[in-house]
Amino acid sequence: MRVQLFGLIDKVVRGVLPVYQYDSLMMPVMGLRYGYTHQGKLGLRFKFSWEELSNDRSGSLINQALNDLAEQKPEIALGLSLFNVEDARSVLQELIYHMGKFEFPEDSYELLEAYFEAGARAKGKAGVVFESEVLNILGTKILNIKHGASVYDFSCGHGRTLAEAMKSSSDVSAIGNDFNRETVGIGQLFCFMCGLQNFEIQQKDTLQLLAQEKAVSQTFDYVISHPPMGLKLDHEIRTKYGIVRRDATIGFVIRALDSLKEDGKAVVTVSNSVLFQGAATGEIRRTLIEDDLIEAVITLPGGLLSNTAIPVTMLVLNKKKIDERKNKILIIDASSLGDRKRGFTIIPRAGIDQILNYYTEWKEDKKLSCVLDVIEVRENNYNLLPSSYVQMEDAETIIGSVQIDRANYEKSVSTIPLKQLVGIYRGLNTASSVETDAFRAKVIQLSDVKDGVLNLSTVENYGIKTTTKGEEAEIQSGDVLITSRGIAMKFTVVPDLEENGPFYLSANFIGLRPLPEVDPHFLLAFFESPIGESYIRSLRKGASLPILNVKDIQDIPIPKQSAAEMAQVGLEYKRVVQDYLQAIAKAENDRMQGFEEVYSNIGLSKGYKKKS
């Protein structure tokens, strides 16, 4: 049936309306046809037959039919009102005629899911975000919604999350809000065509409700929602958990808590920044942790939302934890469980089951999950990033595929904090072209470091503000440089500068200045190793542009070695690198000589002459 539906859209609608307006035309007509198909079971009455509707060129009869259905089903009245005869006039008869061939199933969930998924990529170009079905399935199963329960979604979109929740158990009632009128109407029709009865979707702005600072008039057994990412506020919102400033995301978390009954449970999808941000968001996160309201943190792969590759996290909130989970938080790092398919990230059924097993069994394996005591989180500045706690990972490294276990490394090897071996300094921001209070100087950028080597000849001049303390970012021979921004990790030792300087470090790097007895190539060997790279990965924050802060790396545990031992490691490291480079050069020379011999044997060399 989906083939016929997509064929109808291609034949009749495509080219008449912009793709982002398809839903406001198609969904009311599909909802009306659904009502005609199941009018006996739904107890509906219509004044006109479908044949009469398809023969009416004026559109007045279909408007009357939509009004008749709205009067009998007021919960979908807004959705039916989205239909505009003038938008569809040129294709109205053909659309109604072909729609009459459809007998929609009583539960049209799968058909509608396919319909929305098919248009998601095109709609994404118009800024419409479409969440993966995985989020709805996983969130609903985590909540384990009981018979007769009430469910709330304060950012319900097209109603797909509410529909999944209502279908998961019997006699479930659901209320949804969304600020967008069209989205609310489409959500009403979606739930109606899924055969659901006890639902109400209203046009309301969640942030306005939160800002009113009034007690929530209705509370629910469960809340599940995937609110907008990266929404910025132009005013602060005061709540009992703290002040929401600028980033609205933490405000959505508070809305979920405010909407729960005293024994209620919620799943809210948020951006990963909520797990580590400081300032106002950090203070609210601290309060939620200390009040024991966060039960689990589940980080998921990027791409589960259309039109963005940003990884997301499911926060599981519980106002009444069972005794064995009190003052504990389960961390699950499921960011590696996704597969890219048809432009979306899909978590296979086995991956969903694995996550659910970790959650329901409260299981930790130190690779994908661990159970944290609130005391441990408190000592880590209330940071909830899984990479800060889950210390086992599979990784592709300089020595091939390995399984890393940082916990075993720390237990088995005597270590010393990095800050006791080096001075740490940050790079500086360069001045814009329009700033006049700047001087020109050579500033090292990411492109100047390639294959572990800093190429001083490619370093260009940039403006530096005269107010900047440039000497704090001026590099010296033997400094170790680590990238602090971006996905790629780069490490290098500054070579002899001779008389070419001064050179300054850009904000894309952190500089390490080894103490006199510390060999820089010993440090380079550590950071390029599987363990060193793992620590850097675990400490970087951010998804699209990971950032490493100076204070985050100070306590990286470095193997404790004497000055002589570090020097020996440094020499051995340089020898391995030199042997590798010589082997590559020899292999390249052998390859050229071999090809030359082949070409000579068949006479090709008579047609060219090598340049010196």
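Predicted model: local features only at pLDDT ≥ 70, side-chain atom pairs only at ≥ 80, totals over all residues.

**Entry on helix 1 and helix 8**

I began with helix 1, which covers residues 2-13, and helix 8, which covers residues 92-99, and I found their axes 10 Å apart at an angle of about 165°. Since angles over 145 degrees count as roughly antiparallel, I noted helix 1 as roughly antiparallel to helix 8 because of that angle. The crossing of helix 1 past helix 8 is right-handed. I then looked up the residues that meet, and they are Leu 8, Lys 11, Val 12 and Val 13 on the side of helix 1, with Glu 94, Leu 95, His 98 and Met 99 on the side of helix 8. Sorted by class, this contact of helix 1 with helix 8 comes to 5 nonpolar, 1 polar and 2 charged residues.

**Entry on helix 2 and helix 5**

At what angle do the axes of helix 2 and helix 5 cross? I found that helix 2 (residues 22-37) and helix 5 (residues 60-72) cross at roughly 65°, and that their axes come within 10 Å. I therefore wrote the two down as roughly perpendicular to each other. Helix 2 passes helix 5 in a left-handed crossing. From helix 2 the contact takes Pro 28, Gly 31, Leu 32 and Tyr 36, while helix 5 supplies Ile 62, Ala 65, Leu 66 and Leu 69.

**Entry on helix 10 and helix 11**

For helix 10 (residues 133-143) and helix 11 (residues 160-167) I noted axes 9 Å apart and a packing angle of about 35°. The crossing of helix 10 past helix 11 is right-handed. Glu 133, Asn 136, Ile 137 and Thr 140 of helix 10 meet Arg 160, Thr 161, Glu 164 and Ala 165 of helix 11, and by class this contact has 2 nonpolar, 3 polar and 3 charged residues.

**Entry on the cavities**

The largest cavity has a volume of about 40 Å³. Its lining is made by Ile 250, Val 274, Leu 275, Arg 285, Leu 288, Ile 294, Leu 315 and Leu 384, which I sorted into 7 nonpolar, no polar and 1 charged.

The second largest cavity has a volume of about 30 Å³, and I listed Leu 17, Ser 24, Leu 25, Leu 82, Asn 84 and Asp 87 as the residues that line it. The lining of this second largest cavity divides into 3 nonpolar, 2 polar and 1 charged.

Key. Residues numbered from 1 in each chain as written. Heavy atoms only, no water. Axes fitted to C-alpha atoms, helices over the stretch in contact; angles between N-to-C directions. Helix = DSSP H or I, 4+ residues; strand = E, 2+ residues; numbered from the N terminus. Parallel < 35°, antiparallel > 145°, perpendicular 65-115°, else oblique. Left-handed = near helix turned anticlockwise from the far one by under 90°. Contact = heavy atoms within 4.5 Å. Nonpolar A, V, L, I, M, F, W, Y, C, P; charged D, E, K, R; others polar. 1 Å grid on protein atoms, 1.4 Å probe; cavity = no way out; pocket = protein on both sides within 12 Å on 5 of 7 lines; lining within 4 Å. Points joined across faces, edges and corners; volume = space filled by probe spheres on them.
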